[in-house]
Amino acid sequence: MADRAALAAFLRARREALQPEDVGLPRGRRRRTGGLRREEVAALCDMSVDHYSRLEQPRGPHPSEQMLAAMARGLRLSPEERDLLFQLAGHAAPHRVRRGDHIDPGMMRILDRLEDTPAQVMNHLGETLRQTRPAVALLGDRTAHTGLARSAHYRWFTDPVSRLVRPESDHGEQSRLLVADLHGAYTRDGGDSRTAELVDALNRESPEFAGIWRERPVLGPYCGSKRFWHPQVGPLELHCQTLVDPDRSQRLVVYTATPGTESHTSLRLLSVLPVTQGASVPGRP
């Protein structure tokens, strides 16, 4: 059910919070109060002033989903604010489209300051979008893959070489973590998405994935202490920290080692070695 009073209050609050400069309009000398005028918002939303004014009073007609989408754009609403607008108007929140390969600018600025640390930006499909040089030395160039193989989830279940980076005793736990992570993305994205295509492919190609998928595992702490094996420096025990952006479409993963440990020494050594294909190179004992 629509809450007309709450919808009207929300629209007024958002209109009054916006400044002309926020939407590319000149402020002008005669503007006495902050915020936008109703006629300005109506123009931004491509609707009549009378129609918009009645929604704010509140006595207007029940807005359609198309009209709500136009108002969300015109009022420069965040994804969360857009969801609230739809809910106040009595509609289900719209499906959010995930960003693809475009890295969030803030995420990129953080990554640029981690040039001496293994770190990488990944999207919700497990596709690596960018790595620091130490991350390439540790894990190999994970941006070089194409097609479904861009996804670390897909490679783990279809390419045995991808598992050489982790001790065999950790494979079962890692498999469940990856399936749980993909299940969460599938729940958010729905059946008509790239996530669904990836899930369908894995269910066809990997009996192990299909068996775990039927259990519907729930993701716990995704990153913590992880053991790796590298062909040049041997075993490493690293701590994995993840920074997730607001709409959960991308994550920055950073690997560190406890100072004073063998892993810390090995990680420092790894950072000065020539970059190869990292731990994905066969030859593990």
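Helices here (H or I, at least four residues) and strands (E, at least two) are DSSP runs, numbered from the N terminus. Helix 4 is followed by Arg76, which has a positive phi near 55°. We're looking at a predicted model, where local features need pLDDT of at least 70 and side-chain atom pairs count only at pLDDT 80 or more, while totals for chains, interfaces and linings use all residues. Residues are numbered from 1 along each chain as its sequence is written, and side-chain values use heavy atoms, with hydrogens and water left out.

**Helix 4**
- Helix 4 (residues 65-74) has Leu68, Ala70, Met71, Ala72 and Gly74 as its buried residues (under 20% relative accessible area, 1.4 Å probe, protein chains only).
- Those buried residues pack against helix 1 (4-17), helix 2 (38-44), helix 3 (49-56) and helix 5 (79-88), with contact meaning heavy atoms within 4.5 Å.

- Five strands make an open antiparallel sheet, ordered 2-1-5-4-3; two strands pair if DSSP finds at least two bridges between them.
- At the edges sit strand 2 (128-131) and strand 3 (225-230), each pairing on one side only.
- Strand 4 (residues 234-244) and strand 5 (residues 250-256) run antiparallel over six bridges, and His239 has Thr256 in strand 5 as its bridge partner.

**Helices on the sheet**
- Helix 6 (residues 105-112) packs on the sheet and touches strand 1 (119-123), strand 2, strand 4 and strand 5.
- Helix 12 (residues 262-270) also packs on the sheet, touching strand 3, strand 4 and strand 5.

Notes. Buried < 20%, exposed > 50% of the residue type's maximum accessible area, 1.4 Å probe, protein only. Axes fitted to C-alpha atoms, helices over the stretch in contact; angles between N-to-C directions.
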